[in-house]
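Here is a short note to read beside the model. Please keep the 3D view open as you go through the points.

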Amino acid sequence: QVQLVESGGGLVQPGGSLRLSCAASGSIFSIVAMGWYRQAPGKQRELVAGITQSGSTNYEDSVKGRFTISRDNAKSTVYLQMNSLSPEDAAVYYCNLKKLRLGGVTDYWGQGTQVTVSS
């Protein structure tokens with residue numbers, strides 16, 4: 001099994017910054033990618049940013065230039081640096097890990113961390 005523990009959410013004013021962290025533990029081998037998703041009330045969960053084991057990254061269009069995903073392989077941790085936050089970024093942010101398992105790809109999720117952007 002895989003355990004994902006997120007931290008770093010909270011309340012920030014518009015234009016501010018937050019850094020989310022996600023520490024992975026357990027059977028953390030055969031990882032395909034890790035990433036961050038978010039879900040706002042009444043909306044579907046969406047991919048915010050992802051990073052593959054080779055280091056390739058991708059971002060949702062609205063966060064390009066403002067958010068940066070990175071990882072520390074030694075700590076099995078992935079980060080999401082979020083700058084220039086707006087109220088539209090408010091959501092529960094979930095860490096995701098994709099792992100090769102039983103001939104396919106299995107998703108693992110963290111418990112979520114709330115990001116609130118308000119003055």
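1. A disulfide is a pair of cysteine sulfur atoms within 2.5 Å. By this rule the count comes to one disulfide. This bond joins Cys-22 to Cys-95, with an S to S distance of 2.0 Å. Cys-22 sits in strand β3 (residues 18–26) and Cys-95 in strand β9, so the bond ties together parts 73 residues apart in sequence. The torsion about the S-S bond of Cys-22 and Cys-95 is about -85 degrees, so the disulfide is left-handed.

2. A word on the source. This is a predicted model: local features need pLDDT of at least 70, side-chain atom pairs count only at pLDDT 80 or more, and totals for chains, interfaces and linings use all residues. Residues are numbered from 1 along each chain as its sequence is written, and side-chain values use heavy atoms, leaving out hydrogens and water.

3. Are the two cysteines, Cys-22 and Cys-95, buried or exposed? Buried means under 20% relative accessible area, exposed over 50%, and partly exposed in between (1.4 Å probe, protein chains only). Cys-22 is buried at 0%. Cys-95 is buried too, at 0%.

4. Now look at β9 (residues 91–101) and its pairing with β4 (residues 31–39). Strands are DSSP runs of E, at least two residues, numbered from the N terminus. Two strands pair if DSSP finds at least two bridges between them. β4 and β9 pair antiparallel over eight bridges. Trp-36 stands opposite Cys-95.

5. β9 also runs antiparallel to β10 (residues 104–109), with six bridges. Asn-96 has Trp-109 in β10 as its bridge partner. Two residues lie between the strands of this hairpin, where Leu-102 takes a positive phi near 55 degrees.

Conventions. Helices (H or I, at least four residues) and strands (E, at least two) are DSSP runs, numbered from the N terminus.
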